[in-house]
Amino acid sequence: MSTARPIARFTKRRVISCALSVGVAGAMIAAQGATAVAATSNATNTPTTSVAQSNVAPLAAGTPLGTTAASTPVQVSIILRARNYNVLTNNVLNGWTGPYLTTQQFANQYGQSPVVIASIQAYLKAFGIKTNALADGLDIQATGTAAQINKAFGVSLTNFRVKAPSATGKGMTTQTVYGSLTNPKVPASLASPILAILGLSSYSPFVSNAKAAQGHKVNVTQAAGTGVPGGMRTPADFVSDYNLKPLENQGFKGQGTTLGIVTFAAIDPSTPVKFWNNVLGLNVPASRLKIIPVDGGSPGPSTAAGSDETDLDVEQSGAIAPGAKIRLYEAPNSDPGFADAFYTAASDNLNDTLSISWGESETYILQTVLQGTETPAFVQATDQVLAELDAQGTSNFASSGDDGAYDALPDVGSTNLAIDNSADSPFTTAAGGTTLPGTQTYGVFDSNGNLTSTESANIPAERAWSWDYLAPLYQALGFPSLSDAAVALIAGDGGGYSVLEPRPSYQNGISGFNERQYFTPTDFQQVAPGLFEPTNFSFTQNPPLRSGSTSTGRGEPDVSTNADPQTGYAVYDPTLFAADGGFEQFGGTSFVSPQLNGTTAVIDSYVGHRVGFWNPKIYKFANGGNSPFTPLNDTTAFSGKQYLFQTNLKGVSKALPGDFSNNNEYYRSEEHTSELQSLTNL
């Protein structure tokens, strides 16, 4: 489920006054410079105030390794509070009705004043810290050494070894990071405009929402007219499946538009160009792709960093809208990297549409609350920049996650119901996933590798993505039992209700959820300091459909298209996948957000302007009588020989035990998750 608003205008006199106020910044700088010098020599003489930071909880659970070396480079982001925030968010949520804002217009109405920004910069300069204030008036990027940061913010950075999710979302790893267990402090005169200081911890929290397919598939078909291996879908399939073909046949292919992508893993820029031109034959110029390094850029290219995620983001969006330009914001996998990438994109205001395919669970964010960190500050830091994009008319999309109703599994290891941030924001369109209809057949092999039988699932119609239909095929997939397979194969359309974000007004009138509780959480343990969550499941075969209640939280996802790896797409990278001919078959909601990104560029080229934030419009469609969306609301549990069957080598079939239904391993999909059909009337 998802957000948009009207323009609050200042008088001409007020705007001029704001511009002229830069002239008095010199006096403020001098005053704050003196304060900074005094703070450096004798901090006790200057009243200070604590301000919020983030990513503290993983440090407290880690192993201290000693003081961070004084010369260590540190990048922090000082996120400022948006002025008139309630006016901004109300206007966006209710559907922006006035002309979209330029960056300067946004800064004048909602950013902090030049005087405030100059004062903070002057304070930091006194410690030798370099700063860059973005044009929107909400983000000051600062770089210095650990020694300078310690003095300026009254902290003592320490190194820690911590457990962390792999950037690829495949299991856990360890990180050696620096951080402060105490919140930073700044002079009291500077504190109130500061929403949060991000980057005092270098922990990398974000994971890719791409997922590989299960193997042993027997029935495959060649992707027609391409160099893509059989069984793998291409962007052309998306265009055909979701009714963009009529627009593209008329010549509307994103020309005159720019789409942006935020990522945390670098790529070889020649890779998507080879995919577009050598594989798909699109004949597009390499110059259409521009890489914008943020805070020093992203790690990679490598599979460990998640560069295959970035490959698919650029390849998919760029192939769906071959006429569009692409700006790729490559940032470090960190809170300041995340924030700076989005605030940079908003300040640029060159992107007509924008997407991100990385996320972290709300359960992970709750850890910082229980450490005494002002976690809502990080949530608001995300919300206000997404609302800024909405005010500028930049459509934006975030992948909803790949672990069904249990998105805390990859980053916290808990089995509670959880959804992903930033897709939980009411100011973005949460991109969910489906499974395409058709029969999937998998081979059962003996110990010598000989095929002994096949197992099949026949999916009658497009449905919410989860792997409940694969569990009954447990023999073909190498599991000892149905219950073992069900637990191991938890994957699907990330979705549910937020515990951090309230229900936005545009979701009013959408009914509450129903559910099939295949899994009952068990084994409650302390998964983080002060946080007790279940860490295991018990499995129930063929659970009944139960009526739930309407949550007060923001529901996601908003729009879903094919994301199941078993009906998934080709990702191309001849370096990363050299052993496989340069191709891998992936799925995940990572595909949906860039595909909707490219879709929007096509629609923008058709209507001749930015269509802006989708959510207020699409929920009106969903509640109306002429909606371009098809609700995925089938309540049937499919079982029996027609849907789940084993076939021996003589062609004789028998039913397999188990069933599957339209769910994400918990929630039955309703109006809040819809199949995209046609959006030309946005």
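This is a predicted model: local features need pLDDT of at least 70, side-chain atom pairs count only at pLDDT 80 or more; totals for chains, interfaces and linings use all residues.
The largest nonpolar core comprises 93 residues, and Leu88, Phe342, Tyr343, Ile356 and Leu470 have the most contacts inside it. Helix H15 supplies eight residues, the largest share of this core.

The largest cavity holds about 120 Å³. Its lining is made up of 16 residues, of which Asp468, Ala471, Tyr518, Phe539 and Asp659 are the closest to the cavity centre. Sorted by class, the lining of the largest cavity contains 10 nonpolar residues, three polar ones and three charged ones. Helix H16, which covers residues 482-488, gives the most to this lining, with three residues.

Turning to the loops, Thr394 sits between helix H15 (375-391) and strand E17 (395-399). With a relative accessible area of 2%, Thr394 falls under the 20% limit and is therefore buried. Leaving aside residues up to four places away in sequence, Thr394 touches Asn349, Asn351, Asp352, Thr353, Leu354, Leu389 and Arg610.

One joins Gly300 and Pro301, with omega at about 5 degrees; Pro301 belongs to the loop between strand E13 (289-293) and helix H12 (307-320). Another runs from Glu556 to Pro557, where omega is near 5 degrees, and Pro557 is placed in the loop between strands E28 (553-556) and E29 (559-562).

Positive phi values bring two asparagines into view. Asn84 has a phi near 55 degrees, although this residue is not a glycine, and lies in the loop between strand E3 (73-80) and helix H4 (85-93). Its relative accessibility of 36% lies between the 20% and 50% limits, so Asn84 counts as partly exposed. Asn542 likewise has a positive phi, of about 55 degrees, and is found in the loop between strands E26 (531-539) and E27 (546-547). At a relative accessible area of 39%, Asn542 is partly exposed.

Note on methods. Residues are numbered from 1 along each chain as its sequence is written. Side-chain values use heavy atoms; hydrogens and water are left out. On a 1 Å grid over the protein atoms alone, a cavity is a set of points where a 1.4 Å probe fits but cannot get out, and a pocket is an open set with protein on both sides within 12 Å along at least five of seven lines; lining residues have an atom within 4 Å of a point. Grid points are joined across faces, edges and corners, and a volume is the space filled by probe spheres set on the points. Helices (H or I, at least four residues) and strands (E, at least two) are DSSP runs, numbered from the N terminus. Ala, Val, Leu, Ile, Met, Phe, Trp, Tyr, Cys and Pro count as nonpolar, Asp, Glu, Lys and Arg as charged, and the others, Gly among them, as polar. Buried means under 20% relative accessible area, exposed over 50%, partly exposed in between (1.4 Å probe, protein chains only). Contact means heavy atoms within 4.5 Å. A nonpolar core is a set of buried Ala, Val, Leu, Ile, Met, Phe, Trp, Tyr and Cys residues joined through side-chain atoms within 4.5 Å.
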